[in-house]
Amino acid sequence: MQRSLVWLTSIALLVAGTATVAAPLGLPPVPVPADNPQTAAKIKLGDKLYHDTRLSADGKVSCSTCHDEAKGFTDHLQVSKGFNGLTGTRNAPTVINAAYMTTLFWDGREPDLEGQSKQPPINPVEGGLANHDMLLEIVRQDPEYIKAFREVFGADAADISIDDVARAIASFERTIVAGDSPFDRYFYGGDPKAMTEAQVRGFALYTGKGRCVSCHRIEQTQALFTDNRFHNIGVGFKSIQGKEDETAAAFVKEKRAGANVDVTVLTQANMSELGRFAVTENITQVGAFKTPTLRNIAVTEPYMHDGSLKTLEEVVDFYNNGGRLKDTDPVSDFLSGGIRPLKLTDPEKKDLVAFLQALTSPEYAAQASK
Amino acid sequence: MSKTINRREFLKRGSALVAAGSLPLSLVEVAFGKAAGENFTFAYISDSHITHVKGSEFVRNWDRGLIRAVAEANLLDPRPDFIFYGGDIAQLGKAEEIDHGLEILGGLNGKVHYVMGEHDYYLDLGDYWKKQLGPDHYSFDHKGVHFVVLNSILTFDDWTNNKWPTAAERMHQMARLDNPQGSPFMVGDAQREWLKTDLEKVGKDTPVVVFSHSPIQKIHKGWNFWTDDAEQVQALLKPFDKVTVIYGHVHQIQYNQIGNISFHSAMATAWPWPYPSTYTQVQTWLPKLTVEMNRADPFFERDATGWQFINLHTGNVDMSYMLPDNSNRVVAFDTRAGKPVDTKYQAVANRIPPQTHY
């Protein structure tokens, strides 16, 4: 019941118009592609598809398996589990506010939610279907889906396409937006009491000595907490350290031979660590991954593209040591020029964590206190 | 709709569209030199300015720049035939700095050729550098191309030998910009005589590539973006059909064409310099062909630094600038125009505007 109320509110926001309706405090209006306008029926259809476990090889995996509303739209696993318990290489990013991302997946290999949503059902360690036709067969035989697709897309059962499926799921995901955190009420709402003293001190560190804001951006009127860019911050490189050349060469060879990047990076641990390079083949982007939003970060543990950091305390230590958990660990040769030791004191580290806990939206506050 | 598809296709086919500016991994087939079938490539790293603090401590930022360039250059596939290092390994010419820099450069897979920079030279007049790396001017032939390395950062004997109380003071003076006590760089009579003799045995249709630390052209005297006897060196190169001069020192992208000679600069791995044209106190002669980079984001210490991957085809140079945290660029020889041009940003409308929000 509570969930549907949230959805209804979001639907009202979006359907009324894409650019003029007020978004949650601290967020800009949700960008909606011109060729996929939001409608209540389409969102409802997307909701059903998003939660439909039948659309997988073992009939047990849906979008919500790894992007579970009860877990901040993540799965709280280091790396996600697909059909038959198979694991991939990457930590499930939250769907909350994914609507604002200019690229999707940790390496940005898809430009929008529509493109993103088509990949997992047919990835061999996620949904596990051999192809999209297997998914469409199920959809085309379900009377509820037939009715809904006719209403939303005007499509007969036989004409239901994977692009329509993707549009519906993306429309649903564009309703999963959340702002109005204590930070938003403090910074945009003008309420000086919205954050604790420790959080206020942490905010100063976030924009100052901690250097966080340069990538996890806060603007004058809204904050996405991402720059939508790709950086090598030193996560996950150890498995290919000293073998970057052969790993990159082998990857490119496979790609030239027709290998699917989505499959390769989720099934081959070494190649996964090539990051953005896998998409662009730009050697200045080896090991670079997308800057995730920090909104609701307190409910989306564990962290980083490989889920290698368990707590926010570990994340702060990682940055404080200049891209490594312990100051005796090796540093990636490909490390971004933005990453360097921060020399934060222990009280400062605590304040910074406190600030990160001020980014939780009311919808997910109960999850944070668990 | 078409916009969405275009963007998706762009993301997926990004490699095809930006291949020239990124790693042409596994795809490089460079037709080069006179002998058919002898294709090759090389990489160029420069201006690391490794700075000793004390004991085993060095300035981290400059270390990281060189470490990253070495790591990235090692990904080139097929392997470059060799790598050039364009000078200024060290900041103040100290043996510790040269040793530390060479240790990092030791990670490069492949043969490295070195050019002397003024920061390597003016403490001990290049003694330690030469002890480690050999002569400061030399030439060699490779697959039909004649390569020449010059030490272009010499200056008047009197300034070098008689003006300063200590070697360290001399180094510090030469390291300063806009220094009224400074002195212009030059190749000098002895090396020009050597060059003249060296070139006598080279056929005029052999492509010639010259490496120097300072530009063998006159751009900005106050920062020694300058070689005082540039015209005399150019005159020695004039009889050849195709000549390219590649230099470091300026920490920015520059390119130019003077007669038969193409000029290309290299990025530093350490830090970027502003363009003289943006430095309004003095008149500037920055070559008009140069498209200046967008302003660096100071948060990303590697922004506006980088290194180069070089294709020589038909004897002319295409410079691929590898620019972390920025957009890679390619300055290629345009055979119709007879000069190097930026392949993407030459037209004013295509340029990336400088950042304005700070």
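1. A:Arg295 lies in the loop that runs between β2 (289–290) and α14 (312–320) of chain A. Helices (H or I, at least four residues) and strands (E, at least two) are DSSP runs, numbered from the N terminus. The model is a predicted one, in which local features need pLDDT of at least 70 and side-chain atom pairs count only at pLDDT 80 or more, while totals for chains, interfaces and linings use all residues. Residues are numbered from 1 along each chain as its sequence is written, and chains are lettered from A and ligands numbered from 1 in the order in which they are written.

2. Is A:Arg295 buried or exposed? A:Arg295 counts as buried because it has 31 C-beta neighbours inside 10 Å; the term requires 20 or more other C-beta atoms within 10 Å of the residue's own, with 12 or fewer for exposed, partly exposed in between, and C-beta atoms placed from the backbone. Apart from neighbours within four places in sequence, A:Arg295 is in contact with A:Ile96, A:Asn97, A:Ala178, A:Ser181, A:Phe225, A:Leu359 and A:Ser361. Contact here means that the C-beta atoms of two residues, placed from the backbone, lie within 7 Å. A separation of 28 Å lies between the C-alpha atoms of A:Arg295 and A:Ala41, which are 254 residues apart along the chain.

3. The contact between the chains draws 31 residues from chain B and 31 residues from chain A. On the side of chain B that touches chain A, the elements giving two or more residues are α1 (2–12), α2 (14–18) and α3 (60–73) of chain B. The largest share of that side, 6 residues, is supplied by α3(B). Its residues comprise 13 nonpolar, 7 polar and 11 charged, where Ala, Val, Leu, Ile, Met, Phe, Trp, Tyr, Cys and Pro count as nonpolar, Asp, Glu, Lys and Arg as charged, and the others, Gly among them, as polar.

4. α3(B) also packs with helix α4 (residues 95–105) of chain B, at an angle of about 25 degrees and with the axes 9 Å apart. Axes are lines fitted to C-alpha atoms, for helices over the stretch in contact, and angles run from 0 to 180 degrees between N-to-C directions. α3(B) and α4(B) are therefore roughly parallel to each other, a term for angles under 35 degrees. From α3(B), B:Asp63, B:Leu66, B:Ile67 and B:Val70 meet B:Gly101, B:Ile104 and B:Leu105 of α4(B). This helix contact is made up of 5 nonpolar, 1 polar and 1 charged residues.

5. Chain B holds an open sheet of 6 strands in the order β6-β7-β8-β9-β11-β10, with mixed pairing; two strands pair if DSSP finds at least two bridges between them. β6 (138–142) and β10 (255–258) of chain B are at the edges with a single partner strand each, so one side of each has no neighbour in the sheet. From one strand to the next, the twist averages 20 degrees. β10(B) runs antiparallel to strand β11 (residues 261–265) of chain B, joined by 4 bridges, and B:Asn256 has B:Phe263 in β11(B) as its bridge partner.

6. In strand β12 (residues 307–313) of chain B, 6 of its 7 residues are buried. Strand β1 (residues 41–45) of chain B pairs with β12(B) in the antiparallel sense over 4 bridges, and B:Thr41 stands opposite B:Asn311. β12(B) also pairs with strand β13 (residues 316–322) of chain B, antiparallel over 7 bridges. Their hairpin has 2 residues between the strands, and B:Thr314 there takes a positive phi near 45 degrees.

Methods
Angles under 35 degrees count as roughly parallel, over 145 as roughly antiparallel, 65 to 115 as roughly perpendicular and the rest as oblique.
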